[in-house]
Amino acid sequence: MSLSKKGYLVLFVGMLLLISSIFFTTNWSITSWLVLFIVSLLFCTVGIIMLIIHLVKQIKLEKQNK
């Protein structure tokens, strides 16, 4: 699996966790909700960083091919 696919997958999982932490955790304690929210933010951040790394590698590769 390439870096961009992994980045999209991690970002997708993070978004699903973020949506579930916002809309589907109404009866949870604040600690449980906060843990899920922070984990979802971490997944989103890691996914975005992976996509940025892939983009930088693609730009460097295109510059080398010119």
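Is I52 buried, partly exposed or exposed, and what is its relative accessible area? The points below take up this residue after an outline of the chain.

1. The structure under review is a predicted model. Its residues are numbered from 1 along the chain.

2. Secondary structure. The protein chain contains 2 helices and 0 strands. Helix α1 covers residues 3–23 and helix α2 covers residues 30–65.

3. Overall dimensions. The C-alpha trace spans about 55 × 15 × 15 Å along its principal axes. The radius of gyration of the protein chain is 16 Å, whereas a compact globule of 66 residues would have a value near 11 Å.

4. Geometry of α1. Helix α1 has 21 residues, and at 1.5 Å a residue these should span 30 Å. The C-alpha atoms at its ends are 30 Å apart, in agreement with that expectation.

5. Packing between the helices. The buried residues of α1 are S4, G7, V10, L11, G14, L18, S20 and S21. These buried residues pack against α2. In general, an α-helix has 3.6 residues a turn, so residues three or four places apart point the same way.

6. Contacts along the sequence. Among contacts between residues at least 6 apart in sequence, 62% join residues at least 24 apart.

7. Burial and surface. Of the 66 residues of the protein chain, 23% count as buried. The accessible surface comes to about 5200 Å², and carbon and sulfur atoms account for 73% of that area.

8. The nonpolar patch. M1, L9, F12, V13, L16, V35, V39 and F43 make a nonpolar surface patch of about 730 Å². Both α1 and α2 supply at least two residues of this patch. The largest share, 4 residues, comes from α1.

9. Residue F12. F12, a member of the nonpolar patch, is found in helix α1. F12 counts as exposed because its relative accessibility is 52%, and the exposed class begins over 50%.

10. Residue I52. I52 lies in helix α2. To answer the opening question, I52 is partly exposed, with a relative accessible area of 47%. This value falls between the limits of the two other classes, since buried means under 20% and exposed means over 50%. I52 and F12 are 40 residues apart along the chain, and their C-alpha atoms are separated by 15 Å.

Conventions:
This is a predicted model: local features need pLDDT of at least 70, side-chain atom pairs count only at pLDDT 80 or more; totals for chains, interfaces and linings use all residues. Side-chain values use heavy atoms; hydrogens and water are left out. Patches are made of residues with over 30% relative accessible area and no salt bridge: like charges are joined within 9 Å, nonpolar side chains (Val, Leu, Ile, Met, Phe, Trp, Tyr) within 5 Å. Accessible areas come from the Shrake-Rupley method with a 1.4 Å probe; for residues, only the protein chains shown count as cover. A salt bridge is a side-chain nitrogen of Lys or Arg within 4 Å of a carboxyl oxygen of Asp or Glu. Buried means under 20% relative accessible area, exposed over 50%, partly exposed in between (1.4 Å probe, protein chains only). The expected span of a helix is 1.5 Å times one less than its number of residues. Contact means heavy atoms within 4.5 Å. The radius of gyration is taken over C-alpha atoms; the globule rule is 2.2 Å times the number of residues to the power 0.38.
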